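Please have the viewer open as you read.

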Amino acid sequence: MAALPIVLAPVAGGVSLEGADTAASSGGDTAPVGTGRFLYVRNGGASSRTVTVATPGSVSGLPIADITVTVPAGESKILPLTSLVRGANGRAALTYDAVTDLTVACFELER
């Protein structure tokens, strides 16, 4: 499990999404959460991949369902990393159904 760092996306732009990504870890990753932060997922493989972001909270005693996003083969997606997905360690817990040709990065929009 890797602790993904934040890449600052400046207001002036110019950050390459592909240049900042790293291979997804087979045991999952963690990511910092907060306003203006998001996870970028790129699937370079021939099959779709599912990314799951744990949601450790509950509402009126009922657990909030984990967030799952399918990334089709050859495509990219972004997922907001809001405080809803903040775990006990202050970070989001990410898991993947497979990691072959799957890369990830965390970005924060400069304010």
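## Aromatic cluster

Rings of Phe, Tyr and Trp (its six-membered ring) pair if their centres lie within 6.5 Å. Do keep in mind that this is a predicted model. The count by that rule comes to two aromatic pairs. In the pair formed by Phe38 and Phe107, the rings are stacked, at 5.5 Å centre to centre with 20° between the planes. This pair bridges distant parts of the chain, as Phe38 belongs to strand S5 and Phe107 to strand S12, 69 residues apart.

Tyr40 and Phe107 are arranged otherwise: their ring centres are 6.4 Å apart and their planes stand at 80°, so the pair is edge-to-face. Here too distant parts of the chain are linked, with Tyr40 in strand S5 and Phe107 in strand S12, 67 residues apart. Taken together, the ring pairs join Phe38, Tyr40 and Phe107 into a cluster.

Phe38 is buried, with a value of 16%. Phe107 counts as buried at 1%, and Tyr40 does so at 2%.

## Nonpolar core

In soluble globular proteins, nonpolar side chains tend to be buried together. In this model, the largest nonpolar core has 19 residues. Those with the most contacts inside this core are Leu39, Val41, Leu81, Ala92, Leu94, Tyr96 and Val104. Which elements give two or more residues to it? They are strand S5 (37-43), strand S6 (49-53), strand S9 (67-71), strand S11 (91-96) and strand S12 (102-109).

Setting aside neighbours within four places in sequence, Ala92 is in contact with Asp29, Thr30, Ala31, Val33, Val53, Leu81 and Val85. Among these partners, Leu81 is also one of the residues with the most contacts inside the core.

## A buried serine

Ser25 sits in the loop between strand S3 (22-23) and strand S4 (29-32). Is Ser25 buried or exposed? Its relative accessible area is 18%, so Ser25 is buried.

What joins the side chains of Ser25 and Asp29? A polar contact of 2.8 Å does. Asp29 is also among the residues in contact with Ala92. Leaving out neighbours within four places in sequence, Ser25 is in contact with Met1, Ala2, Tyr96 and Val99. One of these, Tyr96, is listed with the residues that have the most contacts inside the largest nonpolar core.

Note on methods:
Residues numbered from 1 in each chain as written. Predicted model: local features only at pLDDT ≥ 70, side-chain atom pairs only at ≥ 80, totals over all residues. Heavy atoms only, no water. Core = buried A, V, L, I, M, F, W, Y, C linked by side-chain atoms within 4.5 Å. Buried < 20%, exposed > 50% of the residue type's maximum accessible area, 1.4 Å probe, protein only. Helix = DSSP H or I, 4+ residues; strand = E, 2+ residues; numbered from the N terminus. Contact = heavy atoms within 4.5 Å. Polar contact = N/O pair within 3.5 Å; in protein donor to acceptor, adjacent residues only side chain to side chain. Phe/Tyr/Trp six-rings, centres within 6.5 Å; stacked < 30°, edge-to-face > 60°.
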